[in-house]
Amino acid sequence: MELDVVTMGEVLVQFNACTNGPLRHVVYFEKHAAGAEASFAIGMSRLGFKAGFITRVSNDEFGKYILSVLRSEGLDVSRVKVDPEAPNGIYFIQRNYPIPGRSSVIYYRRGSAASRISTDDIDPDYIREAKLFHLTGITPALSKSCRDACFKALDIAHSSGVKISIDTNIRLKLWSGEEAKRTLIPMLKKADIVLTEREDAEILFGKKEPDEIAEEVLSMGAEVVAVKLGAEGAAAYTGKEKARRPAYNVPIVDVIGAGDAFAAGFIACLMNGKSLQEALEVGNAAGALVVTVRGDYENMPSWEDIEKFLAAQRKETVILR
Ligand code: KDG
């Protein structure tokens, strides 16, 4: 099968609180499928790329739900295993508590089906036939067998000339900063495209300034680095070029998933041979669209959505002037 992109990770069932405040007082939750790598894969699929997904899901209603979402978004699920021995990971989103303006996540995922992904799940040909293998710092944090599977997949991609993109996505609820650093630095040395953010870069390199972060990552061998700067937008670098774009101002409903949308928009542009400026513009647009709805992947844009969004932004700028 001809795949453009392959990625691997956990797809969780997300229970997103319908009201703000401590979870003990929340009565209603919305159910969504979520997970950084799945959101990225769906984002790429909506932008016209054929994406394959490697994971394990539970053999129950939650596993069936996740499979149906991945299928309906056009992903290749031939490497999704149904694991009868483990439950699916789930998590809750608590909104505007304890810090107003921020969401927090509460995971129930230890021992989940996806945490049992192992080197047996990595079919070398599946990865060799893709143009890009994408990973985030979440999958290697799930378990030792996941970490081994990540290294196996990266080694196959690296030795067969498949481009590698890594989004550092450090989740300190899953592992310590020290463990993250020990694992991710060797992974980043194999990457062609690296996406990161200030907090992660501080853990990994002790650096917070985008230019310094980029210098560090480029010296490890990457061709392109993007530094996500939240409300300040994003910056991107190659050895020769540097670009920076501000974020778009949109009504925020749910910030979780913005980084994965950025990754899809940014990488889709690079794969289509677009400039760093354009890649940042599209990445920021995708991130902005995703935060306007509840759930991580639902508002992942198509090219048409991006064009409409950017056209509206240009008009607004003209009106404001
Ligand atoms: O990037 C968004 C993810 O953090 C969210 O969907 C949940 O994948 C997830 C995780 O492991 O935190």
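Q: How far does a polar side-chain atom of Tyr-91 lie from an oxygen atom of the ligand?
A: Look for pairs of N or O atoms within 3.5 Å. In this predicted model, a polar side-chain atom of Tyr-91 lies 3.1 Å from a ligand oxygen.

Q: What is the distance from an oxygen atom of the ligand to an N or O atom in the side chain of Arg-109?
A: Apply the cut-off of 3.5 Å again. For Arg-109, the distance is 2.7 Å. Asp-296 also places a polar side-chain atom by a ligand oxygen, at 2.5 Å.

Q: How much of the ligand's accessible area does the protein cover?
A: Start from the ligand on its own, with 310 Å² of accessible area. The protein covers 94% of that.

Q: How are helices α5 and α6 oriented to each other?
A: Compare their axes. Those of α5 (residues 177-188) and α6 (residues 198-205) cross at roughly 90° and come within 9 Å. Angles of 65 to 115 degrees count as roughly perpendicular, and α5 and α6 are therefore roughly perpendicular to each other.

Q: Which residues in α5 meet which in α6?
A: From α5 come Gly-177, Ala-180, Lys-181, Leu-184, Ile-185 and Leu-188. They meet Ile-203, Leu-204 and Phe-205 in α6. By type, this contact has seven nonpolar residues, one polar and one charged.

Terms used: Residues numbered from 1 in each chain as written. Predicted model: local features only at pLDDT ≥ 70, side-chain atom pairs only at ≥ 80, totals over all residues. Heavy atoms only, no water. Axes fitted to C-alpha atoms, helices over the stretch in contact; angles between N-to-C directions. Helix = DSSP H or I, 4+ residues; strand = E, 2+ residues; numbered from the N terminus. Parallel < 35°, antiparallel > 145°, perpendicular 65-115°, else oblique. Contact = heavy atoms within 4.5 Å. Nonpolar A, V, L, I, M, F, W, Y, C, P; charged D, E, K, R; others polar. Polar contact = N/O pair within 3.5 Å; in protein donor to acceptor, adjacent residues only side chain to side chain. Areas by Shrake-Rupley, 256 points an atom, 1.4 Å probe, with all protein chains shown as cover.
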